[in-house]
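Please look through the sequence and the three-dimensional picture below before reading on, and keep both in view while you follow the report.

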Amino acid sequence: HDDTPPPGSRRWLPDPHARPVEVAARREVRALLDQKAVCNDFSGWQMPFPFELPSGAPCPISALGECGDENCPTYRPRRPKVREAIEDLVVEQSCSYLTQAPAKLDTYVSIGCGLLAQDWIILEKLQRAAAELRPERVIFVELRAGCPIVACEGRAFDGEGPGLDLRQLGIPALLGPEFSFAAVLAFSGPSCWGGRVFEFSDEVGLDCIYVEAAPPEEEADDDAPGMLLFSVQRAGRPCVLEVPGCWLPREAHTYLFTVGATGMMRVYIDHQLVAEAKGNSLRPVERNCMYVGQSAEDLESRFVGSIRKIKIWNHCVDFDSVESLFSAEMEQALAQFAQWYAEDLTVWTFGSLASYAAAVAQDERFAADLLLRVDVHQLIDGYDAFVRSVLRPHGLALTLGGPGRSWCRRGGRVEQLHLCCEILEAAEAQHRSPWAKQGPVKGGRSYCSLAGGSTLQPLVAYLAGWPRSHCRRKRLLPDALPEALHGQRLHRQRRLIEMSVPRTGRRR
């Protein structure tokens with residue numbers, strides 16, 4: 001019954017040629033739950049399980065990992081009691097809400113799961129706590145688990161011939177409600193003004209996504225930095241995000257354009273978020289015109305320059321996904337996870353919240369009995385509305401270690417849960433205000449902003465001249481950008497301005 005994968009999902013089957021995990025090996029592995037985690041940083045991850053068991057047998061879950069950021073308040077080797085407190089709270093709440101009929105735990109869902117170590121530990125502790133806490137289905141919603149629907153080399157464009165028609169690749173024409181486009185772009189100069197980097201639209205042009213090269217805001221020479229127009233048109237209503245001073249003639253940079261399920265439009269350049277605004281959400285409609293380097297209607301809107309390393313996703317991604325970071329590590333972790341639970345449950349992945357919510361709408365088997373969001377420190381657009389749409393009538397959603405709220409559903413109502421985990425709260429408070437214990441640092445510039453409370457400004461690295469972006473409906477000024485950069489233009493010999501604030505979330 002679980003064999004048909006919903007759109008945007010993947011089922012992870014155990015390797016039929018691999019030997020089943022032996023009982024003795026399972027006993028040794030489960031004994032690791034009662035031992036202190038060692039500090040084993042590997043490629044930015046903390047790998048809590050050794051590659052070899054005490055008996056000398058290979059560890060069947062050695063590829064499972066979790067957050068490897070030493071500054072994270074939930075970093076296990078430095079703060080083991082924080083992770084233990086999170087696990088104990090999950091088990092406690094699950095026993096309280098999911099062991100008495102009609103509530104049950106059939107489907108376990110994890111948001112932002114990383115390399116699955118935390119989820120494996122929680123599942124094992126749930127099974128220890130009660131026989132009723134053995135799910136039939138485990139779902140991981142992780143954007144790095146999603147593959148692009150298009151990945152091609154691209155080419156140079158001279159403005160004379162036609163652009164690329166991506167229908168040649170046989171890709172699905174249905175795009176939405178999320179979208180991402182990444183490419184290495186090089187602009188020729190004034191000759192590319194008005195040229196479309198890409199345009200994906202329906203036949204009548206009512207629903208359209210495009211990026212267009214535009215001249216500078218003010219009159220300037222031919223080598224002046226140009227502007228990009230990122231537009232999402234929904235049912236004939238356009239919303240355009242303008243990104244001034246974001247490209248120089250004949251210089252190549254990696255660009256990422258994303259649209260979230262709530263309509264949040266974002267533009268990244270070389271790992272940096274340079275523009276965002278709330279615009280139109282995408283209607284999931286057939287887009288029969290899928291062009292790169294030209295417009296669907298106006299043949300004069302041909303791009304001049306090069307568009308290389310093209311990738312397109314049907315969900316919202318970050319820059320790590322553009323470079324396919326962690327993909328091999330995650331494949332191995334999921335393979336080991338599926339092999340461990342080969343006889344107990346089925347394992348699924350979804351690349352976005354939107355694709356998972358769509359699967360729940362089509363098949364209630366995928367609705368969450370227990371939905372966990374652990375150690376995810378990024379805000380997720382529209383998360384609370386998403387929870388309401390995917391919880392079962394007696395489902396439980398817990399958010400621990402990061403921003404967000406916890407919820408439970410009782411019949412037709414979704415109620416907020418007010419949970420208290422003192423150990424976690426103390427660690428997060430110390431993380432938000434490290435100077436409260438360490439005292440002031442002498443020398444250098446201060447990155448503390450006392451306006452509206454003591455907060456540490458996040459790391460920013462902007463190229464001079466990319467200080468602002470605005471939507472035609474809303475103008476944005478990034479709060480973290482130093483005032484000294486406002487109004488500057490991007491010079492030919494640009495300089496990278498970096499603030500040496502420690503990173504607070506390396507890889508999840």
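## Basis of the description

This is a predicted model, in which local features need pLDDT of at least 70 and side-chain atom pairs count only at pLDDT 80 or more, while totals for chains, interfaces and linings use all residues. Residues are numbered from 1 along each chain as its sequence is written, and side-chain values use heavy atoms, with hydrogens and water left out.

## The chain as a whole

The protein chain has 9 helices and 31 strands, where helices (H or I, at least four residues) and strands (E, at least two) are DSSP runs numbered from the N terminus. Of its 508 residues, 54% are buried; here buried means under 20% relative accessible area, exposed means over 50%, and partly exposed lies in between, with a 1.4 Å probe and protein chains only.

The accessible surface of the protein chain is about 23500 Å², and carbon and sulfur atoms hold 50% of it; such areas come from the Shrake-Rupley method with a 1.4 Å probe, and for residues only the protein chains shown count as cover. Among contacts (heavy atoms within 4.5 Å) with a separation of 6 or more, 69% join residues 24 or more positions apart.

Strands of a sheet pair through backbone hydrogen bonds, either parallel or antiparallel.

How many bridges link β1 and β21? These strands pair in the antiparallel sense over 4 bridges, with β21 covering residues 346-350, and the bridge partner of Trp12 in β21 is Val347.

## Two nonpolar cores

A nonpolar core is a set of buried Ala, Val, Leu, Ile, Met, Phe, Trp, Tyr and Cys residues joined through side-chain atoms within 4.5 Å. The largest one has 57 residues, and those with the most contacts inside it are Phe49, Leu64, Trp120, Phe337 and Leu370. Several elements each supply at least two residues of this core, including α1 (23-31), α3, β6, α5 and α8 (422-432), and α2 gives the most, with 7 residues. Another core, of 42 residues, lies apart from it and has Leu241, Val243, Ala275 and Ile310 among its members.

Within the largest core, Phe337 is one of the residues with the most contacts. Leaving aside residues up to four places away in sequence, Phe337 touches Leu64, Leu116, Trp120, Leu123, Val138, Phe140 and Val347.

Why does Asn280 count as buried? Asn280 is called buried because its relative accessibility is 5%. Asn280 sits in the loop between β17 (272-278) and β18 (285-286), and its side chain reaches the backbone oxygen of Val232 at 3.0 Å and that of Arg237 at 2.7 Å.

Lys125, in helix α3, also counts as buried, because its relative accessibility is 16%. A polar contact of 2.7 Å joins the side chains of Lys125 and Glu87; a polar contact is a pair of N or O atoms within 3.5 Å, where within protein one must be able to donate a hydrogen and the other to accept it, and residues adjacent in sequence count only if both atoms are side-chain atoms.

## Backbone details

The peptide bond from Ala101 to Pro102 is cis, with omega near 10 degrees, and Pro102 lies in the loop between α2 and β5. A cis peptide bond also joins Gly176 and Pro177, with omega about 5 degrees.

His271, a residue other than glycine, has a positive phi near 80 degrees and lies in the loop between β16 (264-269) and β17. Lys309, which is not a glycine, has a positive phi of about 50 degrees and belongs to strand β20 (residues 304-313).

Methods
Pairing = 2+ DSSP bridges.
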